[in-house]
Amino acid sequence: GRGRGMTASAALSGRLEGAHFRYLNEMLYTSTGGAAKTMFDEDPSLFHAYHTGFRKCVEQWPENPVTLMIEYLEDCPRPLVVGDFGCGDAAIAQAFAAEEDVTVHSFDLHAANEMVVECDIANVPLSDGVLDIAVFSLSLMGTNFVDFLMEAHRTLKMNGVLQIAEVRSRIESEKEFQKALELIGFDVESVDNENTMFVLYGARKRRKPKR
């Protein structure tokens, strides 16, 4: 009947949406942040399609890393200045919007709402050493993700905290990733492998990058 036809249509639509998301996901991981920004600038609907697929994907996980980031920030001393690198729809900024002593700078390749500053996260409009905490929640995409971490280091205060949640498959070698963080000037203080989908890293800015 008609209902079954609609169900089949919805299923096909869902499959196409999923395929589109996987294609965009692959594009983001295999191009630079600058190239991805150009792609989204030329067709903003791609950003919307990507984040719709992304949200659906994460909703199926046992835990949402953004929720864990918000819980972590709730326990941090105030006043607090946070940089959310690759913020999507700025969920962290929204969570703290009512708190006067918490400032969240939200950055992404495309502004999903008025809380987001549109930019390449390898080059954010912040002065040196202004952040207490830099957050990357599933946003170390792009072949130049080390540039993103360098930018977090630049904008963090000395002894400022770097919080990373990243998909397990993205971190090919935990040892190499930690070594890269140390070369940039961070000390890795915690690695949480308990979640089946992603790894959580806590690090602190301790020194200038090694040349």
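The model is a predicted one, in which local features need pLDDT of at least 70 and side-chain atom pairs count only at pLDDT 80 or more, while totals for chains, interfaces and linings use all residues. Residues are numbered from 1 along each chain as its sequence is written, and side-chain values use heavy atoms, with hydrogens and water left out.

Along its principal axes, the C-alpha trace spans about 65 × 40 × 35 Å. The protein chain holds 7 helices and 7 strands, taken as DSSP runs (H or I of at least four residues for helices, E of at least two for strands) and numbered from the N terminus. Read from that end, the order of elements is α-α-α-α-β-α-β-β-β-α-β-α-β-β. Of the contacts with a separation of 6 or more, 63% are between residues 24 or more positions apart, a contact being heavy atoms within 4.5 Å. The accessible surface comes to about 11,100 Å², and carbon and sulfur atoms account for 53% of that area; these areas come from the Shrake-Rupley method with a 1.4 Å probe, and for residues only the protein chains shown count as cover. Of the 211 residues, 43% count as buried, where buried means under 20% relative accessible area, exposed over 50% and partly exposed in between (1.4 Å probe, protein chains only).

Turning to charged side chains, the structure holds 12 salt bridges, each defined as a side-chain nitrogen of Lys or Arg within 4 Å of a carboxyl oxygen of Asp or Glu. One of them joins Asp 132 to Lys 157, with the closest N and O atoms 2.9 Å apart. Because Asp 132 lies in strand S4 (residues 131–137) and Lys 157 in strand S5 (residues 156–167), this pair ties together parts that are 25 residues apart in sequence. Asp 132 counts as buried at 19% relative accessibility, whereas Lys 157, at 33%, counts as partly exposed.

A second bridge links Arg 206 and Glu 189 at 3.3 Å, N to O. Here too distant parts of the chain are linked, 17 residues apart: Glu 189 belongs to strand S6 (residues 186–192) and Arg 206 to the segment after strand S7 (198–205). Both partners are partly exposed, Arg 206 at 37% and Glu 189 at 46%. These two residues also take part in a network of salt bridges with Asp 187, Arg 204 and Arg 207.

Glu 176 is partly exposed at 47%, as is Lys 179 at 45%. The buried residues of H7 are Phe 177, Leu 181 and Ile 184. Seen down the helix axis, they fall within an arc of 60 degrees, so they line one face of H7; the arc is that of the directions from the helix axis to the C-beta atoms. Their cover includes helix H6 (145–155), S5, S6 and S7. Just after H7, Gly 185 takes a positive phi of about 120 degrees.
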